[in-house]
Amino acid sequence: MKEKIAVIATGNSHKLEEIGEILQGFNLEIKSMKDVNLDGLEIVEDGTTFEENALIKARTVMEKTGYLTIADDSGLEVEALDNQPGIYSSRFAGENAIDKENNEKLLKLLEEVPQEKRNARFVCVIAVIFPNGQSFTVRGECNGSIGFEPKGAKGFGYDPLMIIPQYNKTFGELDPAIKNKISHRARALEKMKEVLSKELRGE
Ligand code: IMP
């Protein structure tokens, strides 16, 4: 019998699985948005930072369910574009833009920018909020640079454009097992695990 319930506030089954896996050693019963009847819930992410948006999602779901809730917010920051697209990564080319359109817009904006000035980072912030309202956030980053054309069909979003220097390949070309070890999300999840285990022990 698990002691506590934790809701993962995401509609993305891949994220649900990844977060669920990292929490396996915890005495937590993991629930999806579907499990708590919040499937399809629209949350207005009107924060100005990844931290604010992750907390908005986590708080909204915690208040509706009364359970400990975990949410994330992620995106791509490109140095030459003053860290755009940032929190607007999924809707960079418009409200319902698809990955290809976002990638095309990014490549167009960087058309004149030489390779050495195309540094970028993926950012992932995870927010955890407890039923008493106490919360914390952690941040994971993964550095790389933006190529001149998409390469590889693995992953999603900006993966085919993001060259990882240690491998000289994009996340679109790299084995997902490698991505899952070094990604912004993996790094944030590891940090979350550390803080959460301390918090749960201290409660
Ligand atoms: P969200 O956190 O799921 O809302 O993701 C925001 C957006 O950031 C995604 O739609 C992608 O465009 C981008 N993004 C976040 N993480 C990744 C990644 O691991 N690879 C590629 N794109 C990503």
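What follows is a short chat about cysteines, helix packing, nonpolar cores and one serine.

Q: Before anything else, what kind of model is this?

A: This is a predicted model, so the values discussed here are computed from predicted coordinates.

Q: OK, how many disulfides does it have?

A: The count comes to zero disulfides.

Q: Switching to helices, how do helix 1 and helix 5 cross?

A: Helix 1, which covers residues 13-22, and helix 5, which covers residues 184-202, have axes that come within 10 Å and cross at roughly 35°, and the crossing is right-handed.

Q: Which residues meet there?

A: From helix 1 there are Lys 15, Glu 18, Ile 19 and Ile 22, and they meet Arg 185, Ala 186, Leu 189, Glu 190, Met 192 and Lys 193 of helix 5. By type, the residues of this contact divide into five nonpolar and five charged, with no polar ones.

Q: What about the largest nonpolar core, which residues have the most contacts inside it?

A: That core has 20 residues, and those with the most contacts inside it are Leu 23, Leu 68, Ile 70, Ile 126, Val 128, Met 192 and Leu 196. The elements giving it two or more residues are strand 1 (4-8), helix 1, strand 3 (68-78), strand 5 (119-129), strand 6 (135-146) and helix 5, and helix 5 provides the largest share, five residues.

Q: What does Leu 23 touch?

A: Not counting residues up to four places away in sequence, Leu 23 touches Ile 8, Ile 30, Ile 70, Met 192 and Leu 196.

Q: Last one: where is Ser 32, and what is it in contact with?

A: Ser 32 is in the loop between strand 2 (28-31) and helix 2 (50-65), where Ser 32 is buried, with a relative accessible area of 13%. Leaving aside its neighbours within four places in sequence, Ser 32 is in contact with Val 7, Ile 8 and Leu 16.

Technical notes:
Residues numbered from 1 in each chain as written. Predicted model: local features only at pLDDT ≥ 70, side-chain atom pairs only at ≥ 80, totals over all residues. Heavy atoms only, no water. Disulfide = S-S within 2.5 Å. Axes fitted to C-alpha atoms, helices over the stretch in contact; angles between N-to-C directions. Helix = DSSP H or I, 4+ residues; strand = E, 2+ residues; numbered from the N terminus. Left-handed = near helix turned anticlockwise from the far one by under 90°. Contact = heavy atoms within 4.5 Å. Nonpolar A, V, L, I, M, F, W, Y, C, P; charged D, E, K, R; others polar. Core = buried A, V, L, I, M, F, W, Y, C linked by side-chain atoms within 4.5 Å. Buried < 20%, exposed > 50% of the residue type's maximum accessible area, 1.4 Å probe, protein only.
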